[in-house]
Amino acid sequence: MYAVIFRAEIAQLDDEYYQMAARMRDLALQEYGCLEFTAVTEGNHEIAISYWRSKEQIRAWKENAEHRLAQQKGRTRWYTSYRVQIVEVVREYNA
């Protein structure tokens, strides 16, 4: 299993952002095999973590046309800066 960790410094969020974020979350979960998607905004920082079975699913999601448009708007309107990390989950346990 893999996790994609997205961290951003927010420039400005508007109504279009919230609509786009909801659409991207639904698209990832319903059409690209995302197992779980959680996002939190605090102050001017946002973090989103999504979980995936394979790197191929992550790649396909990254290349989706709607997602590419969201990425472009993120770079030009919504975020001052961002960072994406893709990590492999090597162990998981629950209490």
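Which strand does Val87 lie in? Val87 lies in strand β4. The model described here is predicted.

Leaving aside neighbours within four places in sequence, the contacts of Val87 are Met1, Tyr2, Ala3 and Ile5. The C-alpha atom of Val87 is 22 Å from that of Ala21, a residue 66 places away along the chain.

## Phe37 in strand β2

Phe37 is part of strand β2. Not counting residues up to four places away in sequence, Phe37 touches Arg25 and Leu29, together with Ala48, Ile49 and Ser50.

Ala3 is 34 residues from Phe37 along the chain, and the C-alpha atoms of the two are separated by 9.6 Å. Ala3 is also among the residues in contact with Val87.

## Packing of helices α1 and α3

Helix α1 covers residues 15-31 and helix α3 covers residues 65-78. Their axes come within 11 Å and cross at roughly 145 degrees. The crossing of α1 and α3 is left-handed. On the α1 side the contact is made by Glu16, Tyr17, Met20, Arg23, Met24 and Leu27. On the α3 side it is made by Glu66, His67, Leu69, Ala70, Lys73, Arg77 and Trp78. By class, the residues of this contact divide into seven nonpolar, one polar and five charged.

Leu69, found in helix α3, is one of the contact residues. Its relative accessibility is 38%, which means that Leu69 counts as partly exposed. Met20, one of the α1 residues in the contact, lies 49 residues from Leu69 along the chain, with 9.6 Å between their C-alpha atoms.

## The largest pocket

The largest pocket holds about 810 Å³ of space. It is lined by 30 residues, of which Phe6, Trp61, His67, Gln71 and Val84 are the closest to its centre. His67 also takes part in the contact of α3 with α1.

At least two residues each come from the strands β1 (2-10), β2 (36-42), β3 (45-52) and β4 (79-88), and from the helices α1, α2 (55-63) and α3. Helix α3 gives the most, with six residues.

Conventions
Residues are numbered from 1 along each chain as its sequence is written. This is a predicted model: local features need pLDDT of at least 70, side-chain atom pairs count only at pLDDT 80 or more; totals for chains, interfaces and linings use all residues. Side-chain values use heavy atoms; hydrogens and water are left out. Axes are lines fitted to C-alpha atoms, for helices over the stretch in contact, and angles run from 0 to 180 degrees between N-to-C directions. Helices (H or I, at least four residues) and strands (E, at least two) are DSSP runs, numbered from the N terminus. A crossing is left-handed if the near helix is turned anticlockwise from the far one by less than a right angle, and right-handed if clockwise. Contact means heavy atoms within 4.5 Å. Ala, Val, Leu, Ile, Met, Phe, Trp, Tyr, Cys and Pro count as nonpolar, Asp, Glu, Lys and Arg as charged, and the others, Gly among them, as polar. On a 1 Å grid over the protein atoms alone, a cavity is a set of points where a 1.4 Å probe fits but cannot get out, and a pocket is an open set with protein on both sides within 12 Å along at least five of seven lines; lining residues have an atom within 4 Å of a point. Grid points are joined across faces, edges and corners, and a volume is the space filled by probe spheres set on the points. Buried means under 20% relative accessible area, exposed over 50%, partly exposed in between (1.4 Å probe, protein chains only).
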